[in-house]
Amino acid sequence: MEGSLRLAGQRVLVVGLARSGAAAARLARARGARVTVTDRRAATELAPALGELGDGVELALGGHDPADFTGADLVVVSPGVPLTLPELQEARRQGVPVLAEVELSARLLPPWPIVGITGTNGKSTTTALAGELLARDRRVFVGGNLGTPLAELVLSGRQVDAVVLELSSYQLEGIERFRPTVAALLNITPDHLERHRDLEGYALAKARLFANQQPGDWAVANAGDPRAVALAGSGRGRLATFGFGPPAPRAARAPEAGGELALACGDGPPERYVLRSRALRGRHNVENAMAAALCARLLGAPGREVQAGLDAFQGLPHRLELVRERDGVEWVNDSKATNVDSTAVGLAAFPAGQPRVVLILGGRGKRAPYAPLRPLFPGRVKVVLTIGEDAPALARELDGAAPLEAVGTLAAAVERAAALGAPGDVVLLSPACASFDQFRSYEHRGECFRQLVEALP
């Protein structure tokens, strides 16, 4: 990418020793930098990450020393570290560059085309699907917020033809020159308000994805989300949209009933693609498929390979993942639904008509209201089982919408759901909350759910 960095001999401070931070530290060290890692957590809490660092990295754990920040030539920030941290603000005031791991890594890449995908919901599925569509005829790296940090690609020395990245608002806050060839904004709904203060701040963080695009690049947005379209159109990239409705130029469209996509990369007649994979059921997944297919075609994927990839897609773990059918009851893991809107789209994938869903909600809330879930309950939700820190708020805001029981833990919820479920029912873990009150991550929560369900007699 344009604007590469010289790291040899530089004093690099990496803030936050999560997956991205550990990869950034190893990358900077491999390029000859003098690297220090700082984290407020103690070494006992960071054992797995510390084991990945290797030799030559200094540790400053259990707190932050302001002198480490102002004395650095470059500060690299892990996504979980807010840029409002006073030590970071002081470093910037003194002229020290502060970059996200994805910005650091992108500057060290060859000029490969990059697809950057962000949004409140659907970005993991869309990223994985876009990567699969492109990988059918070229070498592709898929990662970022999904799975593998971009720094790992740089470290590996692997040669690829395209890079597909899921990008969170936390990552996008720390970019400066990062320039995706195709940038997609799937939607904007309230999320991470504990970090961004309000919806406007959150949306502006997402909009940074388009800031460095040039007229030859593509900005993709959800036609049904006016805010997303406005943000995508604020840059210099060519605007393309996806959504429900009749075919349109520079767009992917599907009928409300779904099942078929009409996709036009330019002003010519649309191409037709059929959605047959069970992993792409539900209105939200039709949108994900439209966005992924549009990104892939804009980057030159052959139409026949796009159709083959849509047919072959198996979906992602923890996103409407069928764990087991037991005595006529489906057990579905949607642990990745860490906010209200994501739970809403997951719940809407199950038809209304007769209350059949035993819904497990709860965890650490994100300050967003739960009331928007209420209209989805009639004719669909049989009972709500609440767990975790935000169970009292869920009880207050969803009172009367469906029978509700506070069970406390995920293990208790699975036990109670097994007693309540009847043939034809669905037990759906779709928490609408973060996992960090009782679990390490949403993946950990989903794995625990799977183990508990598989252990049922």
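This is a predicted model: local features need pLDDT of at least 70, side-chain atom pairs count only at pLDDT 80 or more; totals for chains, interfaces and linings use all residues.
Q: What share of the residues of the chain counts as buried?
A: A residue is called buried when its relative accessible area is under 20%. Of the 457 residues of the chain, 56% count as buried. The chain exposes about 18000 Å², of which carbon and sulfur atoms supply 51%.

Q: How do you know which contacts in the chain join residues at least 24 apart in sequence, and what is their share?
A: Contact means heavy atoms within 4.5 Å. Among contacts between residues at least 6 apart in sequence, 66% join residues at least 24 apart.

Q: Why is Leu 53 called buried?
A: The cut-off for buried is under 20% relative accessible area. Leu 53 has 7% relative accessibility, and therefore counts as buried. This residue lies in helix H2, which covers residues 47-53.

Q: What does Leu 53 touch, beyond residues up to four places away in sequence?
A: With those neighbours not counted, Leu 53 touches Leu 17, Ala 22, Ala 25, Arg 26 and Leu 59. From Leu 53 to Val 37, the separation is 16 residues in sequence and 9.6 Å in space, C-alpha to C-alpha.

Q: What makes helix H14 largely enclosed by the rest of the structure?
A: Helix H14 comprises residues 340-347, and six of these eight residues are buried, so the helix is largely enclosed. The buried residues are Val 340, Ser 342, Thr 343, Ala 344, Gly 346 and Leu 347. Their cover includes strand S17 (357-362), strand S18 (381-387) and strand S20 (426-429).

Q: Where does UniProt place the "Mur ligase C-terminal" domain, and what is the make-up of that span?
A: An unreviewed UniProt entry lists this domain at residues 318-433. The span is 23% helix and 28% strand, and its end C-alpha atoms lie 14 Å apart.

Q: How many positive and negative side chains does the chain have, and how far apart are the centres of the two sets?
A: Lys and Arg count as positive, Asp and Glu as negative. On that basis there are 51 positive and 50 negative side chains, with the centres of the two sets 3 Å apart.

Definitions and conventions: Residues are numbered from 1 along each chain as its sequence is written. Side-chain values use heavy atoms; hydrogens and water are left out. UniProt positions are given in the numbering used here, feature names are shortened, and annotations may be inferred rather than shown by experiment. Helices (H or I, at least four residues) and strands (E, at least two) are DSSP runs, numbered from the N terminus. Buried means under 20% relative accessible area, exposed over 50%, partly exposed in between (1.4 Å probe, protein chains only). Accessible areas come from the Shrake-Rupley method with a 1.4 Å probe; for residues, only the protein chains shown count as cover. The place of a charge is taken as NZ of Lys, CZ of Arg, CG of Asp or CD of Glu.
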